[in-house]
Every structure is written in C-alpha cells, then in structure tokens.
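Biologist: Please show me the chain, and then let us go through it together.

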Amino acid sequence: MTHRTDAHTTDQDPADAAARRRDRYGALPERIRPQDTVETKPATAPDPARDTYNPDEWLIRYCG
C-alpha cells in the first residue's frame with residue numbers, strides 16, 4: 001500500500017478559491033430557537049378511569 005505525502009497542487013487561482021470558499025462558508029446557518037428543538041408529549045395516554053376519585057377507596061384498600 002502506498003501513502004503519498006506530496007502536497008496537493010491545483011491549477012486554480014487562489015483568489016477564485018477564496019471567493020468560492022467565502023460563498024460556501026461565508027455565512028452561518030439560520031439560528032434555531034431552543035423552543036423549536038424540543039417536542040413534548042405524554043409518555044402514555046391518560047386513563048380517565050384511573051384518575052377519578054373514589055371516596056370509599058380507603059375502605060377497599062385497608063379494610064377489605
């Protein structure tokens with residue numbers, strides 16, 4: 001296997017290369033707000049039967 005350490009030579013004008021580089025990397029990408037990077041949704045669907053209040057539940061739990 002051959003490994004070349006020669007300097008890469010091009011026939012391009014340095015000013016032309018600088019202009020292309022400036023066109024490509026001259027501006028930062030559009031900023032993204034942190035609020036737009038997070039999506040929140042419940043891990044499970046809420047169960048309405050589970051969250052209802054039963055006044056006699058303590059009787060079933062502790063005396064039944």
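**Helices, salt bridges and surface**

Modeller: The secondary structure comes to 2 helices and 0 strands; helices (H or I, at least four residues) and strands (E, at least two) are DSSP runs, numbered from the N terminus. This is a predicted model, in which local features need pLDDT of at least 70, side-chain atom pairs count only at pLDDT 80 or more, and totals for chains, interfaces and linings use all residues. Residues are numbered from 1 along each chain as its sequence is written, and side-chain values use heavy atoms, with hydrogens and water left out.

Biologist: Which residue meets Asp16 in a salt bridge?

Modeller: A salt bridge is a side-chain nitrogen of Lys or Arg within 4 Å of a carboxyl oxygen of Asp or Glu. At 3.9 Å, N to O, the partner is Arg20.

Biologist: How many salt bridges does a search of the whole structure find?

Modeller: Asp16 and Arg20 form one of them. Asp36 also forms a salt bridge with Arg33, with the closest N and O atoms 3.1 Å apart. The search of the whole structure finds 2.

Biologist: What percentage of the 64 residues in the chain is buried?

Modeller: Leu59, in helix H2 (residues 57-63), counts as partly exposed at 36% relative accessibility. For the chain, the buried share is 0%.

Terms used:
Buried means under 20% relative accessible area, exposed over 50%, partly exposed in between (1.4 Å probe, protein chains only).
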